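User: I am new to this structure. Please walk me through it in short steps.

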Amino acid sequence: MRTVLSEASYAEFQSQGFVRTGLVLPDAVLDQIRGLYQAMPASLSNWSYFESNAIASPREPGRKARLKHLLRSWVPGGARPSSSPKVYEKSIYGSTEMIPVVLEALLERGLKDHLRETSFLAAHDILLEGTKHDHNFGFHDDGFGWDIFFQTGDDITVYIALQDMNEETGGRLSVERHPEESVLFAERNRSVQAFARYCKDQGAALKDGRVTREGAETCRRRKHIADAYRRMSEERNLRTRRHYRKVEMSTIDMRKGEVILFNNKLFHDVETWKCSSYRSVYIIRCLPLYEMGLSPPRKFLNDVDCNRYLLDGEAGLVRAIDLETETPTFVACPTS
Ligand SMILES: [Fe+2]
């Protein structure tokens, strides 16, 4: 995180586990976000694809479909059966046109003061919306996810409150404090790179020397990759259970439009929402362009677009990128 956050922001991240940017999105942009998602029915919610993606599609019968199921059976909050209670009313993952709108508005207001010159894929956005009766993801860390595929341990989550969230309303995000003391921190980049190397060693097909998701899904030794991936998920669930009570968290009050940054590879949680109105948050995941040995996919979660925008850290601007025709410049992954 030292290579993605400015010195002052990194110091804040080190002690609190998040960065309070002081940036507030104007009402006009918040209205645009609300308008966009209001027009999307809850049935577009695609969180559940993380746990059971496309598996038994008729186009992919038999062994390959079963393997895909195995590879994609990742659950952000730990293993939950598909009959688990509803998680959010709307949980829509995609890469909407709000990504450049929001990032431009934040850059205009000084987002760059919080970052270094590293560039990011502004990979996907998420709308999470629910009532006090809906569940959230619970205490978890977002480990390596098959669908997201290209990711690093220093991913930055841009987290925006679409209404106030405080002690009275509930619904506050909490994040792990003192990240450098976290059991997750030291290995956060290494584990992703080690998995990429494993896929390569198994003969997964490459693009520009990097493992592709499809290459791993279709290579001859894909069963071994699936087993390694499943072990990684199981270890994460075990670790979550082991550390659940010991982790010290910051609980974050936010007012409408306020923007904070945190790292989703560390433990985080959301408290129960107490109001009769909806609770909504809008999130953009920014992935530093580290050399992880992985190739960013153009689709995720059953054919939804992702990785369509680049946040150029040096120029301080956001632009569209087509990974079919342009390979971004990856930089060495820091070792600490
Ligand atoms: Fe998460």
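Analyst: Lys 200 has 19 other C-beta atoms within 10 Å, so Lys 200 is partly exposed. The model is a predicted one.

User: Where does Lys 200 sit, and in which helix?

Analyst: Look up Lys 200 among the helices. Its place is within residues 188-201, which form helix H6.

User: Leaving aside neighbours within four places in sequence, which residues is Lys 200 in contact with?

Analyst: Lys 200 and Gly 293 are 93 residues apart along the chain, and their C-alpha atoms are separated by 8.5 Å. With neighbours within four places in sequence left out, the contacts of Lys 200 are Val 211 and Gly 293.

User: Is Arg 2 buried, exposed or partly exposed?

Analyst: Arg 2 lies in the segment before helix H1 (7-16). A buried residue needs 20 or more other C-beta atoms within 10 Å, and an exposed one has 12 or fewer. Arg 2 has 14 C-beta neighbours inside 10 Å, so Arg 2 counts as partly exposed.

User: What separates the C-alpha atoms of Arg 2 and Leu 115?

Analyst: Leaving aside neighbours within four places in sequence, Arg 2 is in contact with Tyr 10 and Pro 334. Arg 2 and Leu 115 are 113 residues apart along the chain. Their C-alpha atoms are separated by 9.5 Å.

User: Are H2 and H5 roughly parallel or roughly antiparallel to each other?

Analyst: Helix H2 covers residues 27-38 and helix H5 covers residues 98-108. Their axes come within 11 Å and cross at roughly 165 degrees. Angles over 145 degrees count as roughly antiparallel. H2 and H5 are therefore roughly antiparallel.

User: Is the crossing of H2 and H5 left-handed or right-handed?

Analyst: Follow H2 as it passes H5. The crossing is left-handed.

User: How many nonpolar residues does the contact of H2 with H5 have?

Analyst: From H2 come Val 29, Gln 32, Ile 33 and Leu 36. They meet Met 98, Val 101, Val 102 and Ala 105 in H5. By class, this contact has no charged residues and 1 polar residue, and the nonpolar count is 7.

User: What is the mean pLDDT of the chain?

Analyst: Of the residues in the chain, 89% reach a pLDDT of 70 or more. The mean is 89.

User: Over which residues does the pLDDT stay under 50, with 22 contacts beyond four places in sequence?

Analyst: One stretch with pLDDT below 50 is residues 52-62, which has 15 contacts in the model beyond near neighbours in sequence. The stretch asked for has 22 contacts beyond four places in sequence, and it is residues 73-84.

Technical notes:
Residues are numbered from 1 along each chain as its sequence is written. This is a predicted model: local features need pLDDT of at least 70, side-chain atom pairs count only at pLDDT 80 or more; totals for chains, interfaces and linings use all residues. pLDDT is the predictor's confidence in each residue, from 0 to 100. Two residues are in contact if their C-beta atoms, placed from the backbone, lie within 7 Å. Axes are lines fitted to C-alpha atoms, for helices over the stretch in contact, and angles run from 0 to 180 degrees between N-to-C directions. Helices (H or I, at least four residues) and strands (E, at least two) are DSSP runs, numbered from the N terminus. Angles under 35 degrees count as roughly parallel, over 145 as roughly antiparallel, 65 to 115 as roughly perpendicular and the rest as oblique. A crossing is left-handed if the near helix is turned anticlockwise from the far one by less than a right angle, and right-handed if clockwise. Ala, Val, Leu, Ile, Met, Phe, Trp, Tyr, Cys and Pro count as nonpolar, Asp, Glu, Lys and Arg as charged, and the others, Gly among them, as polar.
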